[in-house]
Amino acid sequence: MTKKKNRRSLKTDLVLILRGYRVLYEVCPQNIIWTTINSIAQQFAPYFTLYLSAEIINQLTAGASLRTLFMLVLVTVTGQLLLNASLHRLSLKQEETESIKFELNELYMLKVECRMQYKHLESPDTALLRQKIRNSSIYGGNGLSRLLQYYQDLFGAIANIIFSVSFTMSLFRTVSNAGLTGFTAFVNHPLSALVLLALIGLNITAEMLSIYRFEPRHTNLWNAFALRLSRCRSYSDCNADVTVLGAVGLCIERCRRILIDYENECLRESLKISEKRSFISRAMETVTNLVLYLYIGAKAYIGTFGVGNFFLYTGSVDKFLKAVSNFGSSISGLRRNNDYLVELYRYLDLPDDMYRGTLSVEKREDNKFEIEFRNVSFRYPGSDTYALKNVSFKFRIGERLAFVGMNGSGKTTFVKLLCRLYDPTEGRILLKGIDISKYNYDEYVKLFSVVFQDYFTFAFSLGENVSALQDYDAEKVWSSLKKVGLGEKFSQMERGLETPLGTDYQNDGVEISGGEAQKVALARALYKDAPYIILDEPTAALDPIAEAEVYSKFNEIVEDKTAIYISHRLSSCRLADKILVFHDGEIVQQGSHDRLVADTTGKYYELWNAQAQYYT
Ligand code: ADP
């Protein structure tokens, strides 16, 4: 069982919470506003009833006329009706803005990820951090949306405290006109009010201290449980080993035992903490209530105020003490949620150190965007080996290039640098003689249509998949689909370009094969119609015949664009104008197939011969 202490100071916790609320206000200001108004109104309503009921009793005991009493009852009932109707409308209004909760956790993360520097996106550390945040949300029940819930509780408690204090003020101010002797003098004396106030203050302090002292223990306990829960899930993922070994029973039973035993242990510990805490709270509350009732009762008894006010004051003070307790619980809930916020802020604050210039990329009809790699070397962040070493290469416009080489030889890294997903560690990449970092990034990436190895299709409509836009040019989408050979298939679909791909979001979606998905990705590259078109191992999942088909199609559709085709199947590459042979991060050979294959001492010859048996 963990004994680790929560070491964050109250001040640090407050800073974290305030930042959380800033994020919240940024995402859903409407919800915050309506929650605030609703909380105030909800807390006010019981005081309204309490006040008027007390007044009715006061009038009754003072022998007021029937007319006065009738008027008072009428005001109370009408007021209550109006108040209830307004509260209902306010709650509806708040609910209307509630759907924003989806905007918080997952969607907020997605928004952040979409803008994140690529090196973080690809980094295993970032993936781990993301997983931690998700686990804290899924298994620990934390998240940005929890801030909303606590806001309502917290604000409700504050409003309640303000109302109860306002309604109780007169209790201490009013004094009896009776002769100031004995018991009357004691009750009327300002000191007795002071003693009472001190007792209430003590009660509040005890409540806060108990929350401050005991809540972190609860937090650590259940956070540890959440962690164990998430780990257990990932250890017991069913995989081939589990299936072939027949270890399913073992996995499930072990996981079950670990969790049940641990949960029982946590529950026992949690109960112990709660018992200690509630003993102190309850003892303080009982003493305070006793003294309070005595004080208020005595004041009513000596005629300081009417009997009705006895109910008003005791009711208000009771509400005050409950509000203080709720305030404390909300604060402790917020502090528990801070474990999530700490990780979230680490994620949000991942530094973006990529320089993005402002130079405009000239628009040209002739696609003459000359790019040159000049002595480029590159190491991935955190790695000490070079993925690219001193690479120099100048693109010729309209040329069809093939990149070949063994796995890990640096082909994809070259493309990532070309698209500026990373900057070179050494050397420079130039567009028309100017370093690419000087150009406006959004304009620069428009120069490339890339189908990466790990391309994916969105679970949205076909049109959105091809265009990557919400408002797309349907004609251009069809033309791209026809070029990749998917026109016929999709023109037969009832919903045409509106056909959803996959059934993740819509039941009437269509499932497409791996080969078709690849063609959709290719159509996407064509829709973008960029001067450089790149296919990075687009056919890894295809058999050689299907690959040959994709390649010949690619060759046909690239038209006058500068094209790069990366494949480990050399047969597909031999028709390229120029083949670049990568080895250990270097371009070791370049030239046409015929020239390269003639060099029997070269890497290309070796690679070609290793595969030649498949082509004969
Ligand atoms: P290829 O495309 O020729 O298969 P890559 O360019 O993908 O080769 O990889 C070149 C080298 O860089 C390999 O040693 C690979 O392990 C390493 N590498 C690739 N991606 C990363 C990454 N994100 N982080 C660290 N190393 C990487």
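Ala468 lies in the loop between helix H15 (462-467) and helix H16 (474-483), where helices are DSSP runs of H or I with at least four residues and strands are DSSP runs of E with at least two, both numbered from the N terminus. Phi of Ala468 is near 60 degrees, which is a positive value in a residue other than glycine. The model is predicted, so that local features need pLDDT of at least 70 and side-chain atom pairs count only at pLDDT 80 or more, whereas totals for chains, interfaces and linings use all residues. Residues are numbered from 1 along each chain as its sequence is written, and side-chain values use heavy atoms, with hydrogens and water left out.

**The ligand and its shell**

- A nitrogen atom of the ligand is 3.4 Å from a side-chain N or O atom of Tyr380, while an oxygen atom of the ligand lies 3.1 Å from a backbone N or O atom of Ser409.
- An oxygen atom of the ligand is also found 2.9 Å from an N or O atom in the side chain of Lys411.
- The ligand taken alone exposes 560 Å², of which the protein buries 64%, with accessible areas coming from the Shrake-Rupley method with a 1.4 Å probe and, for residues, only the protein chains shown counting as cover.

**Helix H13**

- Seven of the eight residues of H13 are buried, and the helix is thus mostly covered, where buried means under 20% relative accessible area, exposed over 50% and partly exposed in between (1.4 Å probe, protein chains only).
- The buried residues of H13 are Lys411, Thr413, Phe414, Val415, Lys416, Leu417 and Leu418.
- H13 is followed by Arg420, whose phi is positive, near 60 degrees.

**Strand E1 and its partners**

- Strand E1 (residues 371-378) is largely enclosed by the rest of the structure, because six of its eight residues are buried.
- E1 pairs in the antiparallel sense with strand E4 (residues 426-431) over five bridges, pairing being assigned if DSSP finds at least two bridges between two strands, and Glu426 in E4 is the bridge partner of Ser377.
- E1 also pairs in the antiparallel sense with strand E2 (residues 388-394), over four bridges, and here Val391 in E2 is the bridge partner of Val376.

- Arg130, placed in helix H6 (residues 124-138), counts as buried because its relative accessibility is 16%.
- The side chains of Arg130 and Glu113 are joined by a polar contact of 3.2 Å.
- Leaving aside neighbours within four places in sequence, Arg130 is in contact (heavy atoms within 4.5 Å) with Met109, Glu113, Leu121 and Tyr347.
- Asp529 sits in the loop between helix H18 (514-528) and strand E7 (532-536), and its phi is near 55 degrees, a positive value in a residue other than glycine.
- Because its relative accessibility is 46%, Asp529 counts as partly exposed.

Key. A polar contact is a pair of N or O atoms within 3.5 Å; within protein, one must be able to donate a hydrogen and the other to accept it, and residues adjacent in sequence count only if both atoms are side-chain atoms.
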